[in-house]
Amino acid sequence: MASSSITKLSLKLLIDTKREKVLFAEASKAVIDFLFNLLCLPVGAVVRLLNKNGMVGSIGNLYESVKNLDETYMQPNQDKDVLLKPRAPISSTEISGLLSSNEDNADGNLETSFYMCPCRCNYNVTCVNNTPCPQCRRAMNAEVSYVGRKVAEERFSENGFVKEVVTYMVMDDLVVQPMSTISSITLLNKFNIKEVGILKERVVEMGMTEGINLLKASLQSESVLTSVFLKKNKGAQGFK
């Protein structure tokens, strides 16, 4: 699935201007699908998206170790790209441009080529060319065609994860729940908001930059929306 640079989603933030903090955001189905899709990302895809300098802890070093390891030390039927460029499924075409993890896989298919050995032993098939056949040990390099729908197309359809029957509420720490008037009032009481005048609404756009920033902040902070949408603009716009 190719990334689209024009993909933009919007969400409405409710901001406590006194504390310079996002209380919660009003979000569409597409935004929630994007957030839930983060749970599907393989660790290798996350490291690649954020790069080594954007990671917390040592997982970035592990990624670099695989990247720098000579192919000589890899098993003959293994490819380093399985670890360095794992397939990162996207649950909806509407959010496909928010993460660039599928750019090397522009057609959206998991694999395009499959191979058998010349003897067609037990009709074994592999997606890695020249893999030794488990029966005759000859190289599996006879290309065969795949017929039918890909697993990814069946599992990750255009419908995404959640239904488009309600508006959703996303808390600053990414707690998600259906939005209602009662839940909004309850949250204002929870945050001890006494003056409605300190609350401001702001509609923000979410593209690829914000998508990656959200991924990074979700691994480092419990004030994700504030970090991504307020702190980067602090001093530039204010809360006027």
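User: What is the mean pLDDT of the protein chain, and which stretches fall under 50?
Analyst: This is a predicted model, and 78% of the residues in the protein chain reach a pLDDT of 70 or more. The pLDDT is below 50 over residues 101-111, a stretch with 28 contacts in the model beyond near neighbours in sequence. It also stays under 50 over residues 151-156, where the model has 9 contacts beyond four places in sequence. The stretches are therefore 101-111 and 151-156, and the mean pLDDT is 80.

User: How many helices and strands does the protein chain have, and what share of its residues is buried?
Analyst: The protein chain has 8 helices and 9 strands. Of its 240 residues, the buried share is 40%.

User: Among contacts between residues at least 6 apart in sequence, what percentage joins residues at least 24 apart?
Analyst: The accessible surface of the protein chain is about 14200 Å², with 49% of it belonging to carbon and sulfur atoms. As for contacts between residues at least 6 apart in sequence, the part joining residues at least 24 apart is 65%.

User: Is Ile-32 buried or exposed, and what does it contact?
Analyst: Ile-32 is found in helix H1. Its relative accessible area is 0%, so Ile-32 is buried. Its C-alpha atom is separated by 9.6 Å from that of Gln-177, which is 145 residues away along the chain. Leaving aside neighbours within four places in sequence, Ile-32 contacts Ala-27, Val-162, Tyr-168, Val-170 and Val-176.

User: How many residues of H2 are buried, and what covers them?
Analyst: H2 is mostly covered, with 6 of its 8 residues buried. These are Gly-44, Ala-45, Val-46, Val-47, Leu-49 and Leu-50. The cover includes helix H3 (59-68), helix H4 (81-84) and H7.

User: At what angle do H2 and H7 cross, and which residues meet there?
Analyst: Two packed helices are described by the angle and the distance between their axes. The axes of H2 (residues 43-50) and H7 (residues 208-218) come within 10 Å and cross at roughly 120°, and the crossing is left-handed. By class, this contact has 5 nonpolar, no polar and 1 charged residues. The residues that meet are Val-46, Leu-49 and Leu-50 in H2 with Ile-212, Leu-215 and Lys-216 in H7.

User: Where does Glu-20 lie, and what is its phi?
Analyst: Glu-20 lies in the loop between S1 and S2. Its relative accessibility is 33%, so Glu-20 counts as partly exposed. Its phi is positive, in a residue other than glycine, and is near 50°.

User: Is Arg-137 buried or exposed, and what is its phi?
Analyst: Arg-137 lies in the loop between strand S4 (131-132) and strand S5 (139-140). Its relative accessible area is 56%, so Arg-137 is exposed. Arg-137 and Cys-117 are 20 residues apart in sequence, and their C-alpha atoms are 8.6 Å apart. The phi of Arg-137 is positive, near 65°.

User: Why does Ser-113 count as buried, and what does it touch?
Analyst: Ser-113 is found in the loop between H4 and strand S3 (114-116). It counts as buried because its relative accessibility is 19% and the cut-off is under 20%. Thr-126 is 13 residues from Ser-113 in sequence and 8.7 Å from it in space, C-alpha to C-alpha. Not counting residues up to four places away in sequence, Ser-113 touches Thr-126, Cys-127 and Glu-143.

Definitions and conventions
Residues numbered from 1 in each chain as written. Predicted model: local features only at pLDDT ≥ 70, side-chain atom pairs only at ≥ 80, totals over all residues. Heavy atoms only, no water. pLDDT = per-residue confidence, 0-100. Contact = heavy atoms within 4.5 Å. Helix = DSSP H or I, 4+ residues; strand = E, 2+ residues; numbered from the N terminus. Buried < 20%, exposed > 50% of the residue type's maximum accessible area, 1.4 Å probe, protein only. Areas by Shrake-Rupley, 256 points an atom, 1.4 Å probe, with all protein chains shown as cover. Axes fitted to C-alpha atoms, helices over the stretch in contact; angles between N-to-C directions. Left-handed = near helix turned anticlockwise from the far one by under 90°. Nonpolar A, V, L, I, M, F, W, Y, C, P; charged D, E, K, R; others polar.
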